[in-house]
Amino acid sequence: MGTSFALTQSDRLDVPRKRTHGRDLYAPSRGIRLPLHTVATRAAALRAYTQLDPTVVLVDVSAAGVWGAPLPFWVQASCDVRLARPRGSAQPRRKQVTGRKLSFGPGEVVVVDGIRVTSPARTFLDLAELLPLHDLVAAGDYFVNEHPEDHPRPRTPLCTVAELRRVVAAHPGKRGVKNARAALDLIREGADSPQETFLRLALTDHGLPEPVLNHALILPWRGPCAWPDLAYPDWRLSLQYDGETHRDPEQFRRDFERQRLTEEAGWTEVRIGHGDLKGSRPFAVVRVREALRKAGWGGAPTRGNS
């Protein structure tokens, strides 16, 4: 078995208790077993918690793990499972669990692969209590990320910006709601990584025009040929973030071909590395400002559009 399970579940299946105490199983909390050395997904590893107690829901950080949302390392390092019961119930208390009591509106708790978990929009709102603004925007960008059918990686969003706004508006007095409202104004559709979000925010924070997402470069003889991570169509400037995967030889070949097509389309490509985003005045801002000025930008902090 590659998933967690509750002892109540194994009892119903007549699994001997001697077997559930085997050395190949780990007990993360009372009444729960998880196979050692499992390759189970985050969701599968947490399934038993909601199987064991039909009133609990995975929330905030644990819910974000189920949805695959990006979180800063210092949050991911926490081993506690985050659970909540509706207000009026007892707070969840068990080993390696941080329990809460919360009020949930209609549609804010869903079932995914047999697991009760907060919806993407409600997860975003709960994360607003814990995350700094830019990290919260990155999580929001992830939830609403979508790409059209003609994109190399078409994607349907987990929720929409409208859904985020509806859930935030439904909890005006909740802790973190001011942070959530601030993030809502900065969330955009089309970011594939938190680094792309951080780059966009760094540029606008330092007075540069806001780049657009999901912009396709067109060649007359082949149609769409490249999809920059971030783009300034008015100045025909493409920004590409190069992460760790770009060291792979095959990825390097694809990057080279993309740059060739970008230049053939009459655009300039600026490649940003991980180190370029560090510090309070990232070098990425310097590089993009210089490229924009060379392309004819006059210095007014307006959003580029096509």
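In the predicted model, Glu269 touches Ser238, Gln240, Arg258, Gln259 and Thr262, with residues up to four places away in sequence left out of the count. Glu269 lies in strand E13, which spans residues 268-273. With a relative accessible area of 10%, Glu269 is buried, because the cut-off for that class is under 20%. One of the contacts is polar: the side chains of Glu269 and Arg258 are joined at 2.9 Å.

Helix H9 covers residues 177-184, and its buried residues are Val177, Asn179, Ala180, Ala183 and Leu184. Viewed down the axis of H9, these buried residues fall within an arc of 155°, and therefore line one face of the helix. An α-helix has 3.6 residues a turn, so positions three or four places apart point the same way. The packing partners of the buried residues of H9 are helix H6 (120-127), helix H7 (133-144) and helix H8 (161-169).

Strands E9 (residues 217-219) and E10 (residues 223-226) are paired in the antiparallel sense, over 3 bridges. Ile218 has Pro224 of E10 as its bridge partner. The two strands, E9 and E10, form a hairpin in which 3 residues lie between them.

The average pLDDT of the protein is 84, and 80% of the residues score at least 70. Over residues 302-306 the pLDDT is below 50, although this stretch has 18 contacts in the model beyond near neighbours in sequence. Where pLDDT is low, the predicted coordinates should not be read in detail.

Terms used: Residues are numbered from 1 along each chain as its sequence is written. Side-chain values use heavy atoms; hydrogens and water are left out. Buried means under 20% relative accessible area, exposed over 50%, partly exposed in between (1.4 Å probe, protein chains only). Helices (H or I, at least four residues) and strands (E, at least two) are DSSP runs, numbered from the N terminus. The arc is that of the directions from the helix axis to the C-beta atoms. Contact means heavy atoms within 4.5 Å. Two strands pair if DSSP finds at least two bridges between them. pLDDT is the predictor's confidence in each residue, from 0 to 100. A polar contact is a pair of N or O atoms within 3.5 Å; within protein, one must be able to donate a hydrogen and the other to accept it, and residues adjacent in sequence count only if both atoms are side-chain atoms.
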